Amino acid sequence: MKRIFTMIVLIAMLAAVFAVPVGAQGESRSYLLMANGNKLPANLAKSVSAAGGVVTQTIPEVGLAVATSSDPNFAVRAAKISGLRSVSANLTMQWINPNFQEAVEIDAANPPFSGDDDFFFDLQWGHDAVDAPEAWDAGYRGAGVLVAVLDTFFDMDHPDLAPNINYALSTSFVPGEPVDYTLPDTFSHGTHVAGTIAAADNAFGVIGIAPEAELMLVKVLSDSGSGSFASVIAGIVHAANSGADVINMSLGASLYRSGDCSDPSDCYTAREAAELIVAIGRATTYAYQKGTTVISSAGNAANDGDHDRDLVHIPSDAPHVISISATAPIGWATDPLNAFLDYPASYTNYGQSVIDFAAPGGDFVYPGNEGCVVAGLLRPCWVFDLVFSTGNNGWYWSAGTSMAAPHASGVAAIIIGKNGGSMKPAHVEAALRNSADDLGKPGNDDFYGAGRVNAFNAVR
């Protein structure tokens with residue numbers, strides 16, 4: 001029987017949507033408790049109980065704990081616990097917000113023509129942009145490198161991913177939701193990201209930038225893309241403790257340093273914003289000190305980080321995080337052999353102070369809706385400018401800095417693999433910087449940072 005797969009055209013945009021309960025009497029709220037240092041106070045559970053709350057989670061490596069309480073005065077009382085620096089709302093935010101999709105079906109038993117035996121490889125223009133095939137031909141494919149993908153759910157049985165998944169280390173930090181997918185449609189943000197990094201070169205489907213790297217799949221967001229700060233922090237610490245060489249976070253949310261209480265139901269103070277930024281920074285610093293290179297999407301709000309200093313994009317603006325902006329062709333399918341692949345994406349955040357590197361993220365600005373044919377597939381020409389990768393029980397196109405970060409993570413895995421499978425994060429970043437293609441103005445650039453990453457330059 002032929003297996004029917006679905007491909008989706010999807011533009012994944014990141015939103016800063018805050019969902020913070022008001023905390024009326026009887027309504028349980030979640031709080032993030034941060035110690036003065038990286039050690040939680042002794043007898044914390046007892047002290048929290050006396051203040052009217054219950055400790056539900058501890059992340060002792062970074063001096064954080066999560067507590068719940070229905071008492072509106074809990075935060076005031078808990079803040080008096082000796083050894084605590086702060087008590088803040090454990091904000092649940094929308095870190096990933098897909099806002100457009102179009103589904104079409106193909107029969108995967110009759111794949112389109114491709115020059116490669118992975119029948120969708122010809123759709124992956126991003127690999128050409130970063131010169132991944134040339135790195136493969138030189139003998140470097142990410143072998144011996146463990147990449148943690150912190151995201152939504154994953155298709156744990158996808159034939160393009162299964163050969164490279166470390167099932168023992170893969171887990172979920174979203175209460176009540178397994179790491180495996182729970183939705184019936186093909187869109188799976190986490191699966192798409194994981195496939196770009198390390199889909200196996202297995203004569204099937206697509207190929208990842210580092211097709212021999214190992215994947216640790218960590219669910220830190222719900223299937224809808226929302227999640228708490230505590231879940232993201234716990235995922236970072238788990239990945240670092242489990243020996244990840246690279247953490248990829250194709251997720252992001254924005255905080256205003258001055259706070260935002262324009263809507264009483266979505267309210268956080270400047271003090272809470274500052275403490276949440278510190279909390280994320282503790283986790284990324286911990287991973288860095290454990291030898292893990294942390295890479296994140298820069299955000300899709302077309303925000304100028306050099307001038308809008310009140311807005312902080314998390315986690316890409318956190319300490320020791322490599323922030324990735326997005327590039328794309330415009331009309332690649334109309335002339336694949338000669339198209340320029342590195343226009344700054346229309347949506348990408350930018351600014352020399354916030355962007356480290358650029359990588360292929362795709363875009364949707366090609367004018368017109370005429371059809372083009374690539375690898376035997378007829379679609380509107382603009383569709384082929386998006387990034388093609390794995391999905392839930394299939395494959396689909398998508399665009400965003402969420403798609404750019406995994407290209408960079410794949411290149412980082414190739415660099416680490418060349419170094420024998422172990423490398424200090426500072427050395428990885430230096431190698432990325434020394435090998436990037438310098439685009440835009442010479443040197444550091446608003447849109448490209450130190451340049452668009454290049455796998456072949458990094459290994460030759």
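Some ground rules: residues are numbered from 1 along each chain as its sequence is written, and side-chain values use heavy atoms, leaving out hydrogens and water. In this predicted model, local features need pLDDT of at least 70 and side-chain atom pairs count only at pLDDT 80 or more, while totals for chains, interfaces and linings use all residues.

**Exercise 1. Work out how helices α6 and α7 pack.**

Step 1: Find the helices. α6 covers residues 229-241 and α7 covers residues 270-289. Helices here are DSSP runs (H or I, at least four residues) and strands are too (E, at least two), numbered from the N terminus.

Step 2: Get the geometry. The two helices pack at about 10°, with their axes 8 Å apart. The axes are lines fitted to C-alpha atoms over the stretch in contact, and angles run from 0 to 180 degrees between N-to-C directions.

Step 3: Name the arrangement. That angle makes α6 roughly parallel to α7 (angles under 35 degrees count as roughly parallel).

Step 4: Look at who touches. Contact (heavy atoms within 4.5 Å) involves Phe229, Ile233 and Val237 among others of α6, and residues including Leu276, Ile280 and Tyr286 of α7.

Step 5: Sort the contact residues. You get twelve nonpolar, two polar and no charged. Ala, Val, Leu, Ile, Met, Phe, Trp, Tyr, Cys and Pro count as nonpolar, Asp, Glu, Lys and Arg as charged, and the others, Gly among them, as polar.

**Exercise 2. Describe how strands β4 and β5 are joined.**

Step 1: Check the pairing. β4 (residues 54-59) and β5 (residues 64-69) pair in the antiparallel sense over five bridges; to pair, two strands need at least two DSSP bridges.

Step 2: Pick a facing couple. Glutamine 57 sits opposite valine 66 in β5.

Step 3: Inspect the turn. The strands form a hairpin with four residues between them, and glycine 63 in the turn has a positive phi of about 65°.

**Exercise 3. Find what lines the second largest cavity.**

Step 1: Know the term. On a 1 Å grid over the protein atoms alone, a cavity is a set of points where a 1.4 Å probe fits but cannot get out, and lining residues have an atom within 4 Å of a point.

Step 2: List the lining. It is made of Leu32, Met34, Leu64, Ser86, Ser88, Glu275, Leu276 and Ala279.

Step 3: Find the main supplier. α7 gives the most to this second largest cavity's lining, with three residues.

Step 4: Sort by class. The lining of the second largest cavity has five nonpolar, two polar and one charged residues.

Terms used:
Angles under 35 degrees count as roughly parallel, over 145 as roughly antiparallel, 65 to 115 as roughly perpendicular and the rest as oblique. On a 1 Å grid over the protein atoms alone, a cavity is a set of points where a 1.4 Å probe fits but cannot get out, and a pocket is an open set with protein on both sides within 12 Å along at least five of seven lines; lining residues have an atom within 4 Å of a point.
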